[in-house]
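This report describes one protein chain.

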Amino acid sequence: GPWRTNTSGRVVNIESGLPTLQLDDLIVCLINAFNDDGKFGCTIEPKPTALKSAQEFLAATTKMASGRKWRESLRAAVGRQDVIVHGISPDSGVAQTIVDADYLMKKIGMGLEPTISDCPSYFDRVKDDPSSAQSQTLIRWWFTMAYDALVKDANDRVFKICGNSIKVLSENELLDQQGQRVHTGASDNATGGFAEDFTRHIETMSEKHPVFASLKNVFDLALVANIVKKYDVRNRLQWQRRFCDASVCSAANSNERTQYVFASHESNDEVDSIMNFETFNFKLNGRRFRRTMVGVSGGVEFDFNRLLKQIEVVDQSQSQF
């Protein structure tokens with residue numbers, strides 16, 4: 001349908017307000033499929049030295065935690081976070097979308113950006129049950145793929161993608177005395193609940209924040225690109241010559257891997273830490289406790305081979321589509 005550029009510079013459908021598919025994004029996903037085995041993503045990670053500094057700061061000052069000056073000192077101790085993009089060019093539109101979506105999701109989770117009523121922030125959840133929050137943990141949320149099934153005809157020529165493509169996963173990581181992160185493989189109720197509700201209500205969230213619809217577009221295009229590589233045997237050599245020429249397929253910048261010229265976007269290798277602060281006092285078994293929550297990490301991951309192991313691939317006759 002007809003489209004326009006909105007106030008955020010995103011190209012959207014005039015009637016729905018949702019982002020349109022981008023040819024540039026499809027090309028980037030094709031390059032990734034043929035050169036990097038259909039695996040790409042980003043992470044936004046706190047620096048280990050900053051985690052140690054923040055941990056030491058909290059241990060030394062929590063009893064007097066109050067006031068703007070204290071909060072700014074804590075923010076300085078947490079520092080900036082590293083943005084790491086892999087499998088795609090950091091200045092591509094795909095990279096911009098996945099980093100922007102990841103950063104905004106974390107800000108919503110920490111109560112720094114507006115959410116929807118069906119998906120309360122982490123702090124709103126903890127207020128109801130402060131004892132459920134784990135002490136000395138790092139909250140981790142990240143996007144991954146979540147298709148239900150890939151339906152294809154017997155000749156591998158017609159495909160149908162089933163289900164919503166976006167899922168948010170979660171984990172509470174422990175911090176040791178050196179500020180190193182220790183995986184637990186588990187989430188407390190507030191951390192896991194936010195991830196589950198965000199996934200369940202992703203369409204409503206996308207209406208409020210269109211960048212999440214752009215992320216869905218990227219995941220869908222990446223799946224299509226990898227279907228082309230895996231199943232389009234008749235044209236595979238033509239695709240490989242275009243997107244995986246031996247002389248250029250080791251190039252770091254995707255622009256150098258193909259004659260197609262796509263727009264270059266601004267990229268940053270660091271962002272301000274997503275940090276919100278609240279202290280909760282509560283009693284448990286006759287004892288008084290105090291919990292202080294400060295930050296998050298995570299990212300975006302697309303892995304076609306892992307996806308194929310997780311979803312059902314159904315053969316059907318073309319007449320059933």
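## Helix α6 and its surroundings

Helix α6, residues 189-200, has 12 residues and reaches 16 Å from its first C-alpha to its last, close to the 16 Å expected at 1.5 Å a residue. The expected span is 1.5 Å times one less than the number of residues. Helices (H or I, at least four residues) and strands (E, at least two) are DSSP runs numbered from the N terminus. This is a predicted model, in which local features need pLDDT of at least 70 and side-chain atom pairs count only at pLDDT 80 or more, while totals for chains, interfaces and linings use all residues. Residues are numbered from 1 along each chain as its sequence is written, and side-chain values use heavy atoms, with hydrogens and water left out.

The buried residues of α6 include Ala190, Gly193, Phe194 and Asp197. Buried means under 20% relative accessible area, exposed over 50%, and partly exposed in between (1.4 Å probe, protein chains only).

Arg125 belongs to helix α5, residues 122-128. With a relative accessible area of 17%, Arg125 is buried. Its side chain and that of Asp197 are joined by a polar contact of 2.8 Å. A polar contact is a pair of N or O atoms within 3.5 Å; within protein, one must be able to donate a hydrogen and the other to accept it, and residues adjacent in sequence count only if both atoms are side-chain atoms. Leaving out residues up to four places away in sequence, Arg125 touches Cys119, Pro120, Ala190, Gly193, Phe194 and Asp197. Contact means heavy atoms within 4.5 Å.

Ala186 sits in the loop between β9 (181-182) and α6. Beyond its neighbours within four places in sequence, Ala186 is in contact with Glu171 and Asn172. The C-alpha atoms of Ala186 and Asn172 are separated by 6.1 Å, and the two residues are 14 residues apart along the chain.

## Packing against helix α8

The axes of α1 (residues 23-35) and α8 (residues 211-231) come within 8 Å and cross at roughly 45°. Axes are lines fitted to C-alpha atoms, for helices over the stretch in contact, and angles run from 0 to 180 degrees between N-to-C directions. The contact involves residues of α1 including Leu26, Cys29 and Leu30, and residues of α8 including Leu221, Ala222 and Ala225.

Helix α4 (residues 93-109) also packs with α8, at an angle of about 135° and with the axes 9 Å apart. Among the residues that meet here are Val94, Ile98 and Leu104 in α4 and Phe212, Leu215 and Val218 in α8.

## Partly exposed loop residues

Asp37 has a positive phi of about 60° although it is not a glycine. Asp156, also not a glycine, has a positive phi near 55°.

| Residue | Relative accessible area |
|---|---|
| Ala186 | 38% |
| Asp37 | 43% |
| Asp156 | 24% |

Asp37 lies in the loop between α1 and β3 (39-46), and Asp156 in the loop between β6 (149-153) and β7 (159-162).

## The whole chain

The chain has 10 helices and 13 strands. Of its 321 residues, 46% are buried.
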